[in-house]
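Hi everyone, thanks for coming along.

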Amino acid sequence: MNFQLSQSEFYILLSLAIKRRHGYDIMKQVEADTAGQVQLGPGTLYGSIKRLAESALIEEVAGDDRRRKYYALTEEGRRSLASELSRYDDALTLARQHDLLQQFGLARQRQ
């Protein structure tokens, strides 16, 4: 399946790659992973969850709290996330080859 992930969907899959989670936990993990740069409101979060579930990238699973819906990556979701991570890795490799990170002020300080 060739599925183009939005920024929100990418970070949701990334959070679920760590462990299965309920919606609020996903929201907090994404915020922590992005140092607050990506904050998912309920509409964006649950709209993205619905789209990811309909595309068979995540599924609802049993959790510790029956009052909450928990989600986990499917095998297709793992493949999709791996593909996105590989694409980002390739882009970073190319940017480094052309010294673009430094040109755009993104080079990390060497210690």
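How many helices and strands are there in the chain? Before I answer, please keep in mind that this is a predicted model. The chain has five helices and three strands. If you start at the N terminus and follow the elements along, you read α-β-α-α-β-β-α-α.

Now for the overall dimensions. Taken along the principal axes, the box filled by the C-alpha atoms is roughly 50 × 30 × 25 Å. The chain has 111 residues, and 37% of them are buried. As for how the chain meets itself, take the contacts with a separation of 6 or more: 49% of those come from residues 24 or more positions apart.

On the charge side, we have 16 positive and 15 negative side chains. The centres of those two sets lie 4 Å apart.

Which residues make it? They are Leu 100, Phe 104 and Leu 106, and together they give a patch of about 320 Å². Let me stay with Leu 106 for a moment. You'll find Leu 106 in the segment after helix 5, the helix that spans 100-103. Is Leu 106 buried or exposed? Leu 106 counts as exposed, because its relative accessibility is 55% and the cut-off for exposed is over 50%.

That's my tour, and I'm happy to go back to any part of it.

Technical notes
Residues numbered from 1 in each chain as written. Predicted model: local features only at pLDDT ≥ 70, side-chain atom pairs only at ≥ 80, totals over all residues. Heavy atoms only, no water. Helix = DSSP H or I, 4+ residues; strand = E, 2+ residues; numbered from the N terminus. Buried < 20%, exposed > 50% of the residue type's maximum accessible area, 1.4 Å probe, protein only. Contact = heavy atoms within 4.5 Å. Lys, Arg positive; Asp, Glu negative; His and termini not counted. Charge placed at Lys NZ, Arg CZ, Asp CG, Glu CD. Patch = residues over 30% accessible without salt bridge, like charges linked within 9 Å, V, L, I, M, F, W, Y side chains within 5 Å. Areas by Shrake-Rupley, 256 points an atom, 1.4 Å probe, with all protein chains shown as cover. Salt bridge = Lys/Arg side-chain N within 4 Å of Asp/Glu carboxyl O.
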